[in-house]
Amino acid sequence: MSILVDEDTRVVVQGITGGEGKFHTEQMIEYGTNVVAGTSPGKGGQEVAGVPVYDTVEEAVNEEDADASVVFVPPAFAADAIFEALDTDLDLVVAITEGIPTQDMAKVNKRLEEVDTRLQGPNCPGIITPGESKLGILPGNIFSEGNVGLVSRSGTLTYQVVDSLTQRGIGQTTAIGIGGDPIIGTSFIDALEEFENDPDTDVVVMCGEIGGEDEEEAAAYIAEHMDTPVAGFIAGRTAPPGKRMGHAGAIVSGSGTGTAESKIDALNDAGVPVGDTPEEVADNVEDLL
Amino acid sequence: MRLHEYQAKDVFADAGVPTPPSALATTVDEVVEHAEEIGYPVAVKAQVHVGGRGKAGGIKLVENAEEAREAADAILGMDLKGYNVDKVLVEGAVDFKNELYVGITMDRGAGKPVAMVSTQGGVNIEEVAAENPEAIAREHIDPAFGMHPYQARKAVYDAGVPKAVARDVASVLTTLYDLWADTDASDAEINPLMITEDDEVIAADAVLNVDDDALFRHPDLAEMEDEAAEDDLEAKANEYGFDYVRLDGNVGIIGNGAGLVMTTLDLVDYYGGKPANFLDIGGGAKAERVVNALDMVFSDDNVDAVVFNIFGGITRGDEVAKGINEALGQFDEIPKPVVVRLAGTNATEGREILNDELVTVEETLEGAVQRTVEYAEDEQ
């Protein structure tokens, strides 16, 4: 079992003719992802990596009966691409693009209230169910099949933690990167709820970082609604206030909200052990299993 | 990107927000000249990104030419909390009876913009928010429609703004929202918005922070960026296209991916060191980017040792290692010890390729950080 994606997920790649889109389409197919179509306005009728290209998402979804899309469209046009995907009946839209203006995402966020489609990201590495399917740019070879779910705001930090787990022989049900932007589609709580309902996920790892209050809200959710144990990590303990630490969302505001300390305290209060180092996170997962 | 007060005031004035007469000066003579034109009293205000400028001596009210000369002499060239003051704004002083706060920001929890109004202006609004949150009226705005005029009126009434100026304050708030949306701002604030004895409203300060990710569609604002940059290294990072933040320690840090770089900083601190910077080189590690990253960190005099932490995902470790060798080969002498940790795809091959006469190679993140902290201590 897994959450959100599996070997049957039929995937459309938006922006398939661009450099990133083409490269990662090949990588996804090599991993086993069922990529059924791509889109690129004006390039309909072409093929990329053996995948038919359509001008519009609607056409791709209708012709190829797709369930999910991955967005590799450049930032200036990415919000438009997400709107286009949300106007079809896709179940899941995974936005990889980094650097989408926040005000564009506020408008997308408003639209999400009106549709059933789930958005994951933007500015995220994607989602992977090891051995079955990956949507995005995650390096498939470091993941392994198993019983630990992982949700994270950061890409390479996810890889670091997964690598520690895999080297100890601990595999994953699904790993999901929710993205480092201030406004994102799928929250920690959304992902935690999916893992709680997955009978094969025995422990969940949650990697948060400074900025916003999503981790605090997730801690409250864990305390109230989860039986599955959770191991935590928070990046950015040493970040100074008012500086954006790479991710647009990773910023401690002047009034003291969004600090690592408040997030770690909230998680500890919810019974979640928070590791000081990535290795300590893997230790905690071993203890919880 | 954070604009200076004088830049933000220009944007606000162009949008129709009432502001006092003002002019920018870089020399003592210019200050006096502008002050004479505007008419005394005037305020001489340091243009640096520092909170509490007034208390730190960066703002002076002057009544005549002699005082203007004295104030300009004191402020121009002064060190204000680590920032050198090379520009001042000369601004007509406003006689006020009340100070309000109005602002627009993105409420990330709600995923929507929020307009805020308070009658407790002129002080640190974050303290008001923490100690007395009900003193700030808030109104969430639908970003697809923009702010409805009734919402501006509602926020103003809820905040308890005096009736005589309510209409004008609501109008300022509407204008402020429109310019917030038009400039892709993250924050637009006026604190204080002054109310004069004649019940006129006037913006005595202006804050405008623009979303870096949206600068591509605001070339006019992007042009202001160099002027707004304060730190040479941060300006250099902009040029190279790195995410860079300068800190005050002596351990240089380079890595890929924001979360992993933050984690590396935290580990430096955890093992007893002090991070000198945050530097995310992003995806891949082409030789040119590696050279630029090392150049940046080496040119920070505070740095005593450098940890280079790359988790190769799609990028292969052997390619990264070649990039690092090529980069370090361009230096006649490696000025500071460098510890490299490679993980992920083809990391073993990568570690073999690395030239251990140039760098120290460590297998684990924890090991690499501990080693770098030791080197940094030895160098001191």
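In this predicted model, the buried residues of helix 2 of chain A are covered by elements that include strand 1, strand 2 (34-39), strand 4 (51-54), strand 5 and helix 3 of chain A. The buried residues of helix 2 of chain A are A:V57, A:A60 and A:V61. They line one face of the helix, because they fall within an arc of 95° when helix 2 of chain A is seen down its axis. Just after helix 2 of chain A comes A:D65, which has a positive phi of about 55°.

Helix 3 of chain A covers residues 75-86. From its first C-alpha to its last, this helix of 12 residues reaches 17 Å, which is close to the 16 Å expected at 1.5 Å a residue. Buried in helix 3 of chain A are A:A78, A:A79, A:A81, A:I82, A:E84, A:A85 and A:L86. These buried residues pack against strand 1 (10-14), helix 2 (57-64), strand 5 (68-71), strand 6 (92-95), helix 4 and strand 7 of chain A.

Chain A is divided into domain 1, residues 10-120, and domain 2, residues 139-288. Taken over C-alpha atoms, the centres of domain 1 of chain A and domain 2 of chain A are separated by 26 Å. Each of the two domains of chain A gives 9 residues to the contact. On the side of domain 1 of chain A that touches domain 2 of chain A, helix 4 (102-112) and strand 7 (118-120) of chain A are the elements that give two or more residues. Helix 4 of chain A provides the largest share of that side, 5 residues. By class, the side of domain 1 of chain A that touches domain 2 of chain A has 5 nonpolar, 3 polar and 1 charged residues.

The account now turns to chain B. Chain B has 380 residues, of which 46% count as buried. It contains 14 helices and 18 strands, and its C-alpha trace spans about 75 × 50 × 40 Å along its principal axes. Of the contacts in chain B with a separation of 6 or more, 68% are between residues 24 or more positions apart. The domain assignment of chain B gives domain 1 (21-92), domain 2 (96-222) and domain 3 (232-379). Between the C-alpha centres of domain 1 of chain B and domain 2 of chain B there are 26 Å.

How do the two chains meet? The contact takes 46 residues from chain B and 50 residues from chain A. Several elements of chain B each supply at least two residues of the side that touches chain A, among them strand 8 (112-118), helix 4 (125-131), strand 17 (338-344) and helix 14 (365-379) of chain B. The largest share of this side, 11 residues, comes from helix 10 of chain B. By class, the side of chain B that touches chain A has 24 nonpolar, 10 polar and 12 charged residues.

One residue of chain B shows contacts to both chains. B:M106 lies in strand 7 (residues 96-107) of chain B. B:M106 counts as buried because it has 22 C-beta neighbours inside 10 Å. Leaving aside its neighbours within four places in sequence, B:M106 is in contact with A:T102, A:A106 and A:P182 from chain A, and with B:P113 and B:S186 from chain B. B:V165 is 59 residues from B:M106 in sequence, and the two are 26 Å apart in space, C-alpha to C-alpha.

Notes. Residues numbered from 1 in each chain as written. Chains lettered and ligands numbered in written order. Predicted model: local features only at pLDDT ≥ 70, side-chain atom pairs only at ≥ 80, totals over all residues. Helix = DSSP H or I, 4+ residues; strand = E, 2+ residues; numbered from the N terminus. Buried ≥ 20, exposed ≤ 12 C-beta atoms within 10 Å, placed from the backbone. Contact = placed C-beta atoms within 7 Å. Domains from an automatic or database assignment. Nonpolar A, V, L, I, M, F, W, Y, C, P; charged D, E, K, R; others polar. Expected span 1.5 Å × (residues − 1). Arc of directions from axis to C-beta.
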